[in-house]
Every structure is written in structure tokens, then in C-alpha cells.
Amino acid sequence: MAVATAAVAAALGLLLARSRRAHRAALGERGWLLERERETASKTAVDAERARIARELHDIVSHNVSVMVVQAGAARRVLAARPGDAESALLAVETAGRDTMTELRHLLGLLAPAADGTEDLSPQPSLSRLSGLVDRIAFAGLPVEVRVSGEPRPLPSGVDLTAYRIIQEALTNALKHGNGQPAEVTVRYTEHHLRVEVLNSGPSVLAGDPPVGEPGDGRGLLGLRERVAVLGGDLDARKRLGGGFRVRAKIPLAAP
């Protein structure tokens, strides 16, 4: 009887050990699949952002080349009769050419798959159109306070567009995941960099409030981090200890 009991116990022990091994293997397989899914999602987000960068780069370069052609034609027509006007036109050509080369140095090589065949003919977003974005976000239910420091001045097209996209994505996330308290946008012009910061309030970890989302893991911010890196800058997005979220970017104004 004792021998039979020991045999049954040994068999049960063996089955239990096999079950545990199978369970660990299943967990390992599931973890591997989840990791692959995260990697695929991240790659898809980066590819989509690169596609958008390529389309926007096309628009920027096309616009600047058009300006160069028009101004060069104007200079040719008045070169003999009005050399002062010709000089102004040639300076405009030079400026547009420098801007174009800057954007090419920043973004050339980010090849994108073909778009769906449609073209967006609306003007490119920039910080000069920030008030419209703020008004739309406020109308949707999120008050926004904007502060600008330093001396505002014309920016390279890629930097201007990227700064707008950062604010747009951060405010959209604040609208989705925040608690309705005002968000704060700060744009700071320095000699060599443009700094952008967006703060919003939200559930506090210290107070034990339940979380409402993870905006820092969003694909939009992942793509923007890629874009800022291409421009030679850095972007940091993280939770605030007292609740809410902070997005902060530093973008150089000269080619990296």
C-alpha cells in the first residue's frame, strides 16, 4: 500500500513538474509575441512619420525652389535698369537656396512609400498658426495658456513645422488623458536653439488617483522623437510626479 501511494505521489509530482515547465514555456512564448508586436507597432509608427516627413519636405523644397525661380527672373529683367532691385531679388534667391539646402541636409535619406495619390494643398503648419490650434483645443474643452519668451524670428521651415507638430500632439494627448485643467505651452527662442514645452495636469500618483492613460507611449510622440533627432535635437516626454504629463523639446536652429 505504501509503495502504491509513493508511486502515485511520484507520478503526480512528475505531472506537476511537466505542467509548470509547460506554463513557463507558454509565458515565455507570450512574452516574445508581445515584444514582437511592440516592435512592429513602433516600426510602423516610425515609417508613418517618415512618410509624412517626406511629403512635407517635398512641399517645403517645392515652395522654396518656386521662390528662387520667380526672384531670379525678376533680377534678370531689372539687372541693367535697376541694379538695386536686382540685388534684392538675388538676395531672396540666396536665402531661399540656403533654406532649401538646410532642409535637405536635415531630412534627405528619409525615403517613404508612395502616398495614396492625394495631395494636401493647405498651407504647412507653423508657429505663426499656433493661435488657431490653441483655439480649436480650447473649443474642444481644454484651456491652454501660451507663453513666448525670447525674440521671435523666422525659423527654418523644418524646425517651425516640427515645433508645431510637437505642440499639436502634446495638446491632443492632454485633451484625451488630462483632467480638464489648463495646459501650459512655452515657446522659448534662444540664440542657437528653439525650446518647446507643454505641461498638463492629471491624476497624481502621490495622491493615489487612478491612471487614465499612457500618452508617453503613444505612436505620435514616438514619431516626433524620430523627427526631432533628425533635426539634431532631443525630445523628452514623461509623467510629472504631481500628476499630468510634460513634453519638452530642444531643437537647434543650425544644421547638425
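Predicted model: local features only at pLDDT ≥ 70, side-chain atom pairs only at ≥ 80, totals over all residues.
Leaving out residues up to four places away in sequence, leucine 127 touches Leu155, Asp160, Ala163, Tyr164, Ile167, Val187, Tyr189 and Leu194. Leu127 also belongs to the largest nonpolar core, which has 34 residues. Within that core, Leu127, Ile166, Ile167, Leu171, Leu194, Leu235 and Val247 are the members that touch the most other members. At least two core residues come from each of α3 (130–139), α4 (157–177), β2 (183–189), β3 (193–200), α5 (219–230), β4 (234–239) and β5 (245–252). The biggest giver is α4, with eight residues.

**The chain as a whole**

Now step back to see where these elements sit. The protein chain holds five helices and five strands. Read from the N terminus, their order is α-α-α-β-α-β-β-α-β-β. The chain has 256 residues, and 32% of them are buried. What share of the contacts between residues at least 6 apart in sequence joins residues at least 24 apart? The share is 74%.

Let us look at α3 next. Its residues Leu130, Leu133, Val134 and Ile137 are buried. Why do these four lie on the same side of α3? They do so because they span an arc of only 100° around the axis. The face turned away from that buried side carries exposed residues, namely Ser131, Asp135, Arg136 and Phe139. What do the buried residues of α3 pack against? Their partners are β1 (144–149) and α4. Just after α3 comes glycine 141, which takes a positive phi of about 120°.

**How α3 meets α4**

The packing of α3 with α4 can be described by an angle and a distance. The angle is about 5°, and the axes are 11 Å apart. Because angles under 35 degrees count as roughly parallel, α3 is roughly parallel to α4. On the α3 side, the contact is made by Leu130, Leu133, Arg136 and Ile137. On the α4 side, Tyr164, Ile167, Gln168, Leu171, Thr172 and Leu175 take part.

Glutamate 197, in contrast, lies in strand β3.

Is valine 70 buried or exposed? Valine 70 is exposed, because its relative accessible area of 56% is over the 50% cut-off. Valine 65 is partly exposed, with a relative accessible area of 38%. Glutamate 197 is buried, since its relative accessible area is 17%, under the 20% cut-off.

The table gives the separation in sequence and the distance between C-alpha atoms.

| Pair | Apart along the chain | C-alpha to C-alpha distance |
|---|---|---|
| Valine 70 and alanine 92 | 22 residues | 9.9 Å |
| Valine 65 and alanine 96 | 31 residues | 7.3 Å |
| Glutamate 197 and leucine 235 | 38 residues | 9.6 Å |

Which residues is glutamate 197 in contact with, leaving aside its neighbours within four places in sequence? They are Glu184, Val185, Thr186, Arg246, Val247 and Arg248.

Methods: Residues numbered from 1 in each chain as written. Heavy atoms only, no water. Core = buried A, V, L, I, M, F, W, Y, C linked by side-chain atoms within 4.5 Å. Buried < 20%, exposed > 50% of the residue type's maximum accessible area, 1.4 Å probe, protein only. Contact = heavy atoms within 4.5 Å. Arc of directions from axis to C-beta. Axes fitted to C-alpha atoms, helices over the stretch in contact; angles between N-to-C directions. Parallel < 35°, antiparallel > 145°, perpendicular 65-115°, else oblique.
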